[in-house]
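This report describes selected local features of one structure, with the criteria behind each term. The sequence and the model are shown first.

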Amino acid sequence: MSRTLFYRYDRHIRSNVISPGPTETPVIDGQPADAIARIVSTIPMGRMGEPDEIAKAALFLASDDSSFVTGIELFVDGGRGQV
């Protein structure tokens, strides 16, 4: 979708997507330990992400540091989307 938006609209507007993986949030706190262990077993880095890790990726894409980045899907998922 990000690439479609990039090609369809003004090329001076950057369009990127963040795809977060399982993340430690209050919703996760209420899950049984075995369910969390099953989820973590699917993540190559062996742990869930932290909300600030997702936020830092968003801040990077919103900053001038990514001024030449467009049309990407940035997986912030501990490698889960690559397996």
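## Salt bridges in helices

Lys56 and Asp52 are four residues apart in helix H4, so about one helical turn separates them. Helices here are DSSP runs of H or I with at least four residues, strands are DSSP runs of E with at least two, and both are numbered from the N terminus. The side chains of Lys56 and Asp52 form a salt bridge, with an N to O distance of 3.7 Å. A salt bridge requires a side-chain nitrogen of Lys or Arg within 4 Å of a carboxyl oxygen of Asp or Glu. Lys56 is exposed, with a relative accessible area of 54%, whereas Asp52, at 40%, is partly exposed. Buried means under 20% relative accessible area, exposed means over 50%, and partly exposed lies in between (1.4 Å probe, protein chains only).

The model is predicted: local features need pLDDT of at least 70 and side-chain atom pairs count only at pLDDT 80 or more, while totals for chains, interfaces and linings use all residues. Residues are numbered from 1 along each chain as its sequence is written, and side-chain values use heavy atoms, with hydrogens and water left out.

## The other salt bridges

How many salt bridges does a search of the whole structure find? The search finds three. One of them joins the side chains of Asp34 and Arg38, at 3.4 Å from N to O. Asp34 and Arg38 are four residues apart in helix H3 (residues 33–40), which means that about one helical turn lies between them. Asp34 is partly exposed, at 48% relative accessible area, and Arg38 is exposed, at 53%.

Arg47 also takes part in a salt bridge, its partner being Glu53, with 2.8 Å between the closest N and O atoms. Arg47 is partly exposed because its relative accessibility is 37%. Glu53 is likewise partly exposed, at 28%.

Helix H4 has 12 residues and reaches 17 Å from its first C-alpha to its last, close to the expected 16 Å. That expected span is 1.5 Å times one less than the number of residues.

Which residues of H4 are buried? They are Ile54, Ala57 and Leu61. These residues cover an arc of only 60° around the axis, so they are on the same side of H4. The arc is taken over the directions from the helix axis to the C-beta atoms. The cover over the buried residues of H4 includes E1 and strand E2 (73–76). The face turned away from the buried side carries the exposed residues Lys56, Leu59 and Ala62.

Phe60 also lies in H4 (residues 51–62) and is partly exposed, at 35% relative accessibility. Contacts of Phe60, not counting residues up to four places away in sequence, are with Asp65 and Ser66. Contact means heavy atoms within 4.5 Å.

## Thr23 in its loop

Thr23 is located in the loop between strand E1 (17–20) and helix H2 (26–29). Is Thr23 buried or exposed? Thr23 counts as buried because its relative accessibility is 14%.

A polar atom of the Thr23 side chain lies 2.8 Å from the backbone oxygen of Gly21. With residues up to four places away in sequence not counted, Thr23 touches Ile28, Met48, Gly49, Glu50, Pro51 and Ile54. Among these, Ile54 is one of the buried residues of H4.

How values were computed:
A polar contact is a pair of N or O atoms within 3.5 Å; within protein, one must be able to donate a hydrogen and the other to accept it, and residues adjacent in sequence count only if both atoms are side-chain atoms.
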